[in-house]
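Please look over the structure below with this short briefing beside you. The points that follow are grouped by topic, so that each can be traced in the 3D view.

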Amino acid sequence: MERLGKNSGKYLGETIDIRAVLEDVRLAAEQHGWTSEVFHETGGFKLFALHRDARAGNNRKRVYLSAGIHGDEPASPLAALKLLQENRWPDNVEVWLCPCLNPIGFTLNSRTNVNGLDLNRGYLNPVADEIIAHIAWLERQPAFDLCMLLHEDWESNGFYLYEQNPDQRLSFAEKIIEAVEKVCPIERSEIIEDRPASGGIVRPNIDPRSRPDWPEAFYLITHKTRQSYTVEAPSDFPLPTRVNALFAAANAALDSL
């Protein structure tokens with residue numbers, strides 16, 4: 001599978017009707033018994049989080065997933081929708097899901113919100129209303145055993161991921177790559193985003209306190225979890241391929257718990 005060659009300087013691929021996608025998300029969640037909480041409203045959109053309780057009492061795990069923080073990454077909310085529609089959650093897993101953190105960005109096909117702010121750089125000293133509200137919601141939730149953040153990279157030659165695992169817990173990274181490789185090429189470069197990588201896995205040795213601009217992952221690893229994966233689909237490939245890559249990544253991690 002080769003890159004489409006559409007992207008030049010930014011994402012120029014397929015776009016989505018985010019209102020229709022979020023309506024499908026709402027319907028799928030309602031069908032499968034999820035609860036929903038609106039934590040912010042902006043530009044005619046409701047930012048909401050979904051919750052599914054575990055179905056079994058043994059070895060319960062708490063998982064948080066987020067999607068759609070960048071409005072030029074359409075595979076992300078579509079993968080969240082597919083996870084809801086397929087409804088293959090392990091019985092022992094309790095799940096919190098934010099299906100789209102930047103819906104206005106999708107109406108603009110823009111990484112940023114309507115004010116030109118990259119929401120995924122604003123979690124240390126938040127100024128965007130969306131992130132202030134999201135952090136307030138996160139503060140009300142329990143600690144998570146695992147966090148997964150669904151993203152895309154318009155420049156990448158294949159799928160890759162960032163693992164944050166400061167306590168050296170059992171890693172799911174290789175299992176994620178193995179699952180994704182069946183549906184999407186893997187980025188095999190030894191340097192990804194200026195960081196050492198191996199087999200599509202980046203394990204950045206970064207102290208969040210040393211960085212002024214926090215992505216969501218830094219907030220989570222500091223306050224809510226000790227293991228997270230930011231998974232990046234290559235957005236110069238067909239949209240169904242990218243959706244399947246993120247879907248496979250999430251399921252591989254969930255099945256590893």
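In this predicted model, the side chain of asparagine 7 reaches the backbone nitrogen of leucine 12, at 2.8 Å. Asparagine 7 itself is placed in the segment before helix H1, which covers 18-31.

**Around asparagine 7**
- Asparagine 7 has 10% relative accessibility, and because buried means under 20%, this residue counts as buried.
- If its neighbours within four places in sequence are left aside, asparagine 7 is in contact with Leu12, Gly13, Trp154, Ser235 and Asp236.

**The sheet**
- An open sheet is formed by 10 strands with mixed pairing, and their order is E1-E2-E4-E3-E5-E10-E6-E9-E8-E7.
- At the edges stand strand E1 (35-42) and strand E7 (191-192), and since each has a single partner strand, one side of each is left without a neighbour in the sheet.
- Strand E1 pairs with strand E2 (residues 45-52) in the antiparallel sense over seven bridges, and the bridge partner of serine 36 in E2 is leucine 50.
- Helix H7 lies across strands E3 (61-66), E4 (93-98), E5 (146-153) and E10 (228-234), and the helix runs at about 165 degrees to E5.

**The nonpolar cores**
- The largest nonpolar core has 55 residues, of which Met148, Phe159 and Ile176 touch the most other members.
- Helix H7 (residues 239-256) contributes the largest share of this core, with 11 residues.
- Another core, of 25 residues, lies apart from the largest one, and its members include Cys98, Ala128, Cys147 and Trp214.

How values were computed
Residues are numbered from 1 along each chain as its sequence is written. This is a predicted model: local features need pLDDT of at least 70, side-chain atom pairs count only at pLDDT 80 or more; totals for chains, interfaces and linings use all residues. Side-chain values use heavy atoms; hydrogens and water are left out. Helices (H or I, at least four residues) and strands (E, at least two) are DSSP runs, numbered from the N terminus. Buried means under 20% relative accessible area, exposed over 50%, partly exposed in between (1.4 Å probe, protein chains only). A polar contact is a pair of N or O atoms within 3.5 Å; within protein, one must be able to donate a hydrogen and the other to accept it, and residues adjacent in sequence count only if both atoms are side-chain atoms. Contact means heavy atoms within 4.5 Å. A nonpolar core is a set of buried Ala, Val, Leu, Ile, Met, Phe, Trp, Tyr and Cys residues joined through side-chain atoms within 4.5 Å. Two strands pair if DSSP finds at least two bridges between them. Axes are lines fitted to C-alpha atoms, for helices over the stretch in contact, and angles run from 0 to 180 degrees between N-to-C directions.
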